[in-house]
Amino acid sequence: MILVPFLSSVSKPLTMALSNSSWRLLHPSFFLMGIPGLEESQHWIALPLCVFYLLAVMGNVSIIFIIWTDSSLHQPMYLFLAMLSGIDLVLASSTAPKTLAVLLVHAHEIGYTVCLIQMFFIHAFSSMESGVLVAMALDRYVAICHPLHHSTILHPGIIGRIGMAVLVRGLVLLLPFPILLQRLVFCRATIIGHAYCEHMAVVKLACSETTVNRAYGLAVALLVVGVDVVAIGISYGLILQTVLKVPGGEARLKAFSTCGSHICVILIFYIPGIFSFLTHRFGHHVPHHVHVLLATLYLLVPPALNPLVYGVKTQQIRQRVIRVFSLKGQI
């Protein structure tokens, strides 16, 4: 909901900026290899990826629809969940269609401009997802540590501003990625050993100086992940401190259970993401096909599992889904 106006406003100038590159006129496309070393198995690998993508689309559309149509769910936790689902839809749809085309029908070629736009959307929306997870941790902190003031602190105006800040941060920090790539010279084979256009995979193809690109990419990764993980850690540290002061084991368990879904989503998102980032930059002994598989799963597994986690662990969402299917069964 919040994303649509900004996406439309940023995509046109981004496309115009990318089309001005003189390099693109000489080398109009990249070649995506898919999963190097596993060419014979790519059709089989594509099947679970397709399942993950279908789950991501159906699950996140269902979450957005349920929250949109049920006014009782217009609360901070569910509004942030709707933002997360919208971001997951864009993230999965920016990756899966081209990846599946490469693996299933060998559509390896991708235009220069399309490649950089795909790269921008993947990295920008990954940053936004991390920001929404921080916002959800803030919501849990306020709900548990300041329950009487929850609705006054996180009122709709504040939620809207938080969503806008997450969106703007992702766009502003990641827009330099494709812009900085325009200054690079690509004077050898433009073959990307990946199933989609990933920033460092494209940067490594350049034969000109890439220090600025590498330094900025590292700085953005450390800034986004570092700040967000610290913020989430502080929120849960304060939550833990408050819960341990609550008398009675049952009350403590209930307080912890309200954070269960969010903690699962955090682990699903950050653990493979951090491992993928570290292996790309420092894991020279990790087989390349392992890194490519992990990087691809990192973009498809969280969007597929997030709706299932919240559907199973959140009673209101689960009841609403059961009610919808019950009505369809009666019809």
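Student: What volume does the second largest cavity have?

Tutor: Its volume is about 30 Å³, counting the space filled by probe spheres set on grid points that are joined across faces, edges and corners. Before we go on, this is a predicted model, where local features need pLDDT of at least 70, side-chain atom pairs count only at pLDDT 80 or more, and totals for chains, interfaces and linings use all residues. Residues are numbered from 1 along each chain as its sequence is written, and side-chain values use heavy atoms, leaving out hydrogens and water.

Student: What makes something a cavity rather than a pocket?

Tutor: The test runs on a 1 Å grid over the protein atoms alone: a cavity is a set of points where a 1.4 Å probe fits but cannot get out, while a pocket is an open set with protein on both sides within 12 Å along at least five of seven lines. With that rule, 2 cavities of 30 Å³ or more turn up here.

Student: Which residues line the second largest cavity?

Tutor: They are N60, I63, L81, L84, S85, D88, N306, P307 and Y310, each called lining because it has an atom within 4 Å of a point. Helix 3, helix 4 (76-105) and helix 13 each give two or more of them. Helix 4 has the largest share, with 4 residues.

Student: How do you know what counts as a helix?

Tutor: Helices are DSSP runs of H or I with at least four residues, strands are runs of E with at least two, and both are numbered from the N terminus. This chain comes to 14 helices and 3 strands.

Student: How many residues in the lining of that second largest cavity are nonpolar, polar and charged?

Tutor: There are 5 nonpolar, 3 polar and 1 charged. Ala, Val, Leu, Ile, Met, Phe, Trp, Tyr, Cys and Pro go in as nonpolar, Asp, Glu, Lys and Arg as charged, and the others, Gly among them, as polar.

Student: And what about the largest pocket, what is its volume?

Tutor: About 660 Å³. It has 30 lining residues, and those closest to its centre are H123, A221, G273, F277 and Y298. Helix 5 (112-145), helix 9 (199-203), helix 10 (211-244), helix 12 (260-281) and helix 13 (288-313) each give two or more residues to the lining. Helix 12 supplies the largest share, 9 residues. By class, the lining has 18 nonpolar, 10 polar and 2 charged residues.

Student: Why is T296 called buried?

Tutor: Buried means under 20% relative accessible area, exposed means over 50%, and partly exposed is in between (1.4 Å probe, protein chains only). T296 has 4%, so it is buried. This residue sits in helix 13.

Student: Why is H106 called partly exposed, then?

Tutor: H106 has 46% relative accessibility, so it falls in the partly exposed range. H106 is in the loop between helix 4 and strand 2 (109-111). It also has a positive phi of about 60°, although it is not a glycine.

Student: Which residues does T296 contact, leaving aside neighbours within four places in sequence?

Tutor: L49, T99, A195 and Y196, where contact means heavy atoms within 4.5 Å.

Student: Why do we give both an angle and a distance for two packed helices?

Tutor: Because two packed helices are described by the angle between their axes and the distance between the axes. For helix 3 (residues 42-69) and helix 13, the axes come within 7 Å and cross at roughly 35°. The axes are lines fitted to C-alpha atoms, for helices over the stretch in contact, and angles run from 0 to 180 degrees between N-to-C directions.

Student: What makes the crossing of helix 3 and helix 13 left-handed?

Tutor: A crossing is left-handed if the near helix is turned anticlockwise from the far one by less than a right angle, and right-handed if clockwise. Helix 3 passes helix 13 in the left-handed way. Among the residues that meet are L49 and F52 in helix 3, and T296 and L300 in helix 13. The residues of this contact divide into 13 nonpolar, 3 polar and no charged.

Student: Why does S130 count as buried?

Tutor: Its relative accessibility is 2%, so S130 is under the 20% limit. S130 belongs to helix 5. S130 and D228 are 98 residues apart in sequence, yet 6.7 Å apart in space, C-alpha to C-alpha.
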